[in-house]
Amino acid sequence: MRRDLVSTIIEKTLLDISKETCSLVEKRLFADFYCRFSDCYSHPEHLNTILKEIFGNNYYIITDKIKAEIEKHPLDKKLTKFIEVLVK
């Protein structure tokens, strides 16, 4: 359930920017890490890397939005760890 929540939040956040942005991040995750949005729950470092590569120093704008959406839900240790890794 948490995995689906994280995947949905990542996708929605990127779609809010643009469909092309969402597609680009999705393609890069798969090409570089053989990873999908749903896999980012277990490997947030992959999403962090791709966002930094695509957006440079502005990656934090996206990670902050993802973090804010996740924090609207009850947090457990795994979600807290996900956020820590994603925003560093």
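**Close-up 1. Surroundings of I66 in the nonpolar core of a predicted model.** Apart from neighbours within four places in sequence, I66 is in contact (heavy atoms within 4.5 Å) with I9, I10, T13, L47, F82 and L86. I66, together with I10 and L47, touches the most other members of the largest nonpolar core, which holds 23 residues; such a core is a set of buried Ala, Val, Leu, Ile, Met, Phe, Trp, Tyr and Cys residues joined through side-chain atoms within 4.5 Å. At least two core residues come from each of α1 (2–17), α2 (19–33), α3 (44–55), α4 (59–70) and α5 (77–87), helices being DSSP runs of H or I with at least four residues, numbered from the N terminus. This is a predicted model, in which local features need pLDDT of at least 70 and side-chain atom pairs count only at pLDDT 80 or more, while totals for chains, interfaces and linings use all residues. Residues are numbered from 1 along each chain as its sequence is written, and side-chain values use heavy atoms, without hydrogens and water.

**Close-up 2. The salt bridge between R2 and D76.** The side chains of R2 and D76 meet at 3.6 Å, N to O, in a salt bridge (a side-chain nitrogen of Lys or Arg within 4 Å of a carboxyl oxygen of Asp or Glu). Because R2 lies in helix α1 and D76 in the loop between α4 and α5, the pair ties together parts 74 residues apart in sequence. R2 is partly exposed at 25% relative accessibility, where buried means under 20%, exposed over 50% and partly exposed in between (1.4 Å probe, protein chains only).
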